[in-house]
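The following exercises concern the fold of one protein.

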Amino acid sequence: MRAAGSPPERVADETPVPCEWVRALSGGGLGRERATARLYDMLLRVARAEARRRSGQLQISGPELDDLAHHAAADAVLAIIARIGEFRGESRFTTWACKFVIFEVSGKIGRHFWRRPAVPLEAGDWDRLPDRLGLDPARESEQRDLVRALRRAVEEELTEHQRQVFTAIVVDGVPLDALVAKLGSSRNALYKTMFDARRKLRVSLVANGYLHENR
């Protein structure tokens, strides 16, 4: 308890540390160089972790994967410096900055996918669909009927865009990040497209007796 007449207790400065990042990155000289180097090191760690997490989509590792992480971190630093004036302190600066590098890793992984030879956008590999959906091979005849019905519903019920997205992701196994890069879209937009497509297909399969209403 503070004694009467004593000076008021000093309230801890709650100004977020990120302001130091903003001041340093917005300034010049040695301070900015040091802040940029620190930011790059921090984002490189995040990029490496994110690239390893997603590496299964590309089947790459070692120096090639590390090179992707370095490029992602470097591009994220440039983007952050260019948009530093947009930071409003509504979250920690590091949280805000990490979104940039995760976006860069996602984009680079997506673009890397299409560098492989003979990767189609809409090949329609329907013969492999039962395996992708984990259908029981012991019920092969029934599953073939279901796949034919599903393919017919895809052709008849979906819009062209929904058909393209559904076929690429579900039938051909194209990673979401790769499709985002190919179509110039966003993950959220494709999630919404897939949700709408699956809903239409479910209605069609239920109506034609291939699915039960409560499934």
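The model is predicted, so local features need pLDDT of at least 70 and side-chain atom pairs count only at pLDDT 80 or more, while totals for chains, interfaces and linings use all residues. Residues are numbered from 1 along each chain as its sequence is written, and side-chain values use heavy atoms, with hydrogens and water left out.

**Exercise 1. Describe the protein as a whole.**

Step 1. Helices (H or I, at least four residues) and strands (E, at least two) are DSSP runs, numbered from the N terminus. The protein has nine helices and zero strands, giving the pattern α-α-α-α-α-α-α-α-α along the sequence.

Step 2. The accessible surface is about 13,600 Å², and carbon and sulfur atoms hold 50% of this area.

Step 3. A residue is buried under 20% relative accessible area, exposed over 50%, and partly exposed in between (1.4 Å probe, protein chains only). Of the 215 residues, 37% are buried.

Step 4. Contact means heavy atoms within 4.5 Å. Among contacts with a separation of 6 or more, 67% join residues 24 or more positions apart.

**Exercise 2. Which residues have the most contacts inside the largest nonpolar core, and which helix supplies the largest share of this core?**

Step 1. A nonpolar core is a set of buried Ala, Val, Leu, Ile, Met, Phe, Trp, Tyr and Cys residues joined through side-chain atoms within 4.5 Å.

Step 2. The largest core has 27 residues, and L25, L39, L43, I80 and F93 have the most contacts inside it. At least two residues of this core come from each of α1 (18-26), α2 (29-54), α3 (62-82) and α4 (93-113). The largest share, nine residues, is supplied by α3.

Step 3. Beyond its neighbours within four places in sequence, L25 contacts R32, A35, T36, L39, I80, I81, I84 and F93. Another core, of 22 residues, lies apart from the largest one and includes F113, M194, A197 and L205.

**Exercise 3. Determine how α2 and α3 pack.**

Step 1. Axes are lines fitted to C-alpha atoms, for helices over the stretch in contact, and angles run from 0 to 180 degrees between N-to-C directions. The angle between α2 and α3 is about 135°, and their axes are 8 Å apart.

Step 2. Angles under 35 degrees count as roughly parallel, over 145 as roughly antiparallel, 65 to 115 as roughly perpendicular and the rest as oblique. Therefore α2 is oblique to α3.

Step 3. Among the α2 residues that meet α3 are T36, L39 and L43; the α3 residues that meet α2 include V77, I80 and I81.

**Exercise 4. Examine F100: is this residue buried or exposed?**

Step 1. F100 belongs to helix α4.

Step 2. Its relative accessible area is 13%, so F100 is buried.

Step 3. Leaving out residues up to four places away in sequence, F100 touches A76, A79, I80 and R83.

**Exercise 5. What covers the buried residues of α8?**

Step 1. In α8 (residues 176-183), the buried residues are L176, D177, A178, L179 and V180.

Step 2. Their cover includes α2, α4, α7 (160-171) and α9 (187-207).

Step 3. The angle between α4 and α8 is about 85°, with their axes 7 Å apart. Therefore α4 is roughly perpendicular to α8.

Step 4. S106, G107, G110, R111 and F113 in α4 meet D177, A178 and A181 in α8.

Step 5. Just after α8, G184 has a positive phi of about 65°.

Technical notes. Accessible areas come from the Shrake-Rupley method with a 1.4 Å probe; for residues, only the protein chains shown count as cover.
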